[in-house]
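Please open the structure in a viewer and keep the sequence at hand.

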Amino acid sequence: MASVNNNTYAFDECSILHLCEIKIDNAFVNFFSKDKLTHRNYSKLKSLISKLDSKGISKYRFEPLNIGINIIKFAEELLAKEGNQVIMLSRILKSQITDQLEEFSGDVMINFKKILKNENISGIKELFINNERELKKSENIPEDDDLKVIAGYHNFNCEGKKYLISEDEHFWEYDDLIFDNFNIKIVKEWECHNLMI
Amino acid sequence: MILTKEEAICLVLKSSDKNTISSTTKLNKLLARLNLFFIPIDFSFTLNKYGSFDAELSSLEGNDYYSVDPYEIRGKEGHKYILKPKGKELFETNVKKKIFKILTKKEFDKLRETIHYLSTLGANQISGEEHSKLLVDVDDRFKLEQKLNEIFVELNELYKKIDEIKENCLEDVKLKALIEYSYYLIKFLREKRFNRLDEKSYDFDAHMFDYYFLHNIGEIMPFIKGQAAKVKKDGIRINKYYQYIINSVGEDYPFSLKNKNLKDLVVA
């Protein structure tokens with residue numbers, strides 16, 4: 001008899017956005033030599049999502065803080081990586097991308113159950129300050145909203161293991177600290193397809 | 001956001017007197033009028049001597065949403081369009097859902113009142129009103145040229161300062177895109193489409209979107225200028241104008257994101 005999977009799989013806001021396949025308007029296709037843009041971890045995330053869906057396991061997310069800013073940041077990342085050849089209407093292209101991400105975000109959210117964030121983070125913040133690490137891309141100490149995610153997930157009731165899928169350096173550079181103190185296993189987004197479900 | 005052909009026809013029929021339209025010409029005019037309310041619809045209008053015209057409407061057949069009933073008038077065959085119960089349902093569900101993404105209830109009521117009023121007029125009266133609003137008549141060429149130049153100068157000024165708008169939210173991104181697109185679209189109209197305004201005959205090759213865009217961008221200029229200076233933007237109205245100006249035309253209109261060769265028309 002197959003064992004029941006009691007684990008919880010939560011995705012941070014940006015990882016959910018990375019599941020979006022962005023269609024490029026005909027006018028810009030020649031600049032990209034393709035008609036769709038995706039995040040580099042898109043297929044890995046899709047693979048994990050399809051494994052969870054096929055086994056009827058719920059997917060979780062957190063209440064977004066500022067989805068607009070994350071959408072703009074993601075669009076800028078995509079364009080910095082792949083849009084260097086675009087020589088016209090660059091603001092339109094960016095807006096067409098953010099428009100699709102906004103619509104995707106609204107549609108996909110209903111497929112993810114919500115975990116409440118916890119506003120009480122003073123103790124957690126102190127833990128990170130006392131264990132500060134040198135990060136490569138971000139500020140050394142996680143932002144308050146990251147800490148609210150950890151605090152909320154820690155309080156969340158779950159019989160099995162708790163996984164948090166994220167590309168955010170604030171989570172994976174502190175993965176051992178987060179696991180030891182909050183029992184949350186951080187899964188690097190680019191390794192998420194290896195998760196055994 | 002774009003209304004399908006069926007949705008657009010149901011919107012017009014539901015707003016018309018007795019949910020009925022008495023001729024194909026009138027249906028043409030009323031559908032075309034949706035453009036002046038910034039409602040993107042899946043119809044493409046060209047210019048004929050009566051104004052906006054879409055040949056596809058002449059061969060429209062009845063379906064679950066509306067009937068097309070033939071009748072004879074002065075020895076000629078005419079067609080009457082009547083909304084069916086399923087068409088009312090389509091209006092209440094799909095049409096309203098889409099419309100309320102771009103119009104407030106007050107604007108929607110105003111649109112329906114206008115369509116209702118126009119539906120009580122003859123097709124010629126509706127055409128006359130459209131001609132004068134859009135400056136389609138040959139006699140209005142001077143006014144058209146003047147309007148084109150004024151809008152271009154205003155947009156040119158705004159476009160030069162576009163990077164002063166900080167991108168703090170999605171509305172900022174959209175407003176900048178709207179300014180950029182409007183600038184290049186008006187430049188295209190000025191340099192490629194309305195470059196023979198001294199000729200004294202109707203340009204029957206003209207696409208009505210040339211006129212709709214010029215008119216509509218002129219209408220929204222005060223709003224765009226105001227928003228560029230504001231920290232808190234009016235997201236619903238920016239989206240309404242954005243969807244119409246940028247996403248309402250297909251491949252049959254050259255200045256369109258659907259056109260693979262748009263690059264050749266974006267004049268530096």
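This is a predicted model: local features need pLDDT of at least 70, side-chain atom pairs count only at pLDDT 80 or more; totals for chains, interfaces and linings use all residues.

Among contacts in chain A between residues at least 6 apart in sequence, what percentage join residues at least 24 apart? The figure is 74%.

**Stop 1: chain A in overview**

Select chain A and display its secondary structure, which consists of 9 helices and 7 strands. The radius of gyration of this chain is 18 Å, close to the 16 Å that the globule rule gives for 197 residues, so chain A is as compact as a globular protein of that length. Of the 197 residues in chain A, 36% are buried.

**Stop 2: helices 4 and 5 of chain A**

Next, select residues 67-82, which form helix 4 of chain A, together with residues 90-108, which form helix 5 of chain A. The axes of these helices come within 9 Å and cross at roughly 130 degrees. Helix 4 and helix 5 of chain A are therefore oblique to each other, and their crossing is right-handed. To see where they meet, show the side chains of I67(A), I71(A), I72(A), F74(A), A75(A), L78(A) and L79(A) in helix 4 of chain A, and those of K94(A), I97(A), T98(A), L101(A), E102(A) and S105(A) in helix 5 of chain A. By class, the contact of helix 4 with helix 5 of chain A comprises 9 nonpolar, 2 polar and 2 charged residues.

**Stop 3: where the chains meet**

Now display both chains. In this pairing, 18 residues of chain B are in contact with 16 residues of chain A. Which helix gives the most to the side of chain B that touches chain A? Select residues 170-193 of chain B: this is helix 7, and it gives the most, with 8 residues. The side of chain B that touches chain A has 10 nonpolar, 1 polar and 7 charged residues.

**Stop 4: helices 8 and 9 of chain B**

Remain on chain B and select helix 8 (residues 208-228) with helix 9 (residues 235-247). Their axes come within 11 Å and cross at roughly 150 degrees. Angles over 145 degrees count as roughly antiparallel, and helix 8 and helix 9 of chain B are therefore roughly antiparallel to each other. The crossing of helix 8 and helix 9 of chain B is left-handed.

**Stop 5**

Select A32(B), which is found in helix 2 of chain B. Is A32(B) buried or exposed? A32(B) counts as buried, because it has 22 C-beta neighbours inside 10 Å. Not counting residues up to four places away in sequence, A32(B) touches F45(B), S52(B), E130(B) and M208(B). The C-alpha atoms of A32(B) and F209(B) are separated by 10.0 Å, although these residues are 177 residues apart along the chain.

Move to F38(B), in the loop between helix 2 (24-33) and strand 2 (46-48) of chain B. F38(B) has a positive phi near 60 degrees while being a residue other than glycine, and it is buried, with 22 other C-beta atoms within 10 Å.

Finally, select N19(B), in the loop between helix 1 (5-15) and strand 1 (20-21) of chain B. N19(B) is not a glycine, yet its phi is positive, at about 55 degrees. With 19 C-beta neighbours inside 10 Å, N19(B) counts as partly exposed.

Notes
Residues are numbered from 1 along each chain as its sequence is written. Chains are lettered from A and ligands numbered from 1 in the order in which they are written. Helices (H or I, at least four residues) and strands (E, at least two) are DSSP runs, numbered from the N terminus. The radius of gyration is taken over C-alpha atoms; the globule rule is 2.2 Å times the number of residues to the power 0.38. A residue is buried if 20 or more other C-beta atoms lie within 10 Å of its own, exposed if 12 or fewer, and partly exposed in between; C-beta atoms are placed from the backbone. Two residues are in contact if their C-beta atoms, placed from the backbone, lie within 7 Å. Axes are lines fitted to C-alpha atoms, for helices over the stretch in contact, and angles run from 0 to 180 degrees between N-to-C directions. Angles under 35 degrees count as roughly parallel, over 145 as roughly antiparallel, 65 to 115 as roughly perpendicular and the rest as oblique. A crossing is left-handed if the near helix is turned anticlockwise from the far one by less than a right angle, and right-handed if clockwise. Ala, Val, Leu, Ile, Met, Phe, Trp, Tyr, Cys and Pro count as nonpolar, Asp, Glu, Lys and Arg as charged, and the others, Gly among them, as polar.
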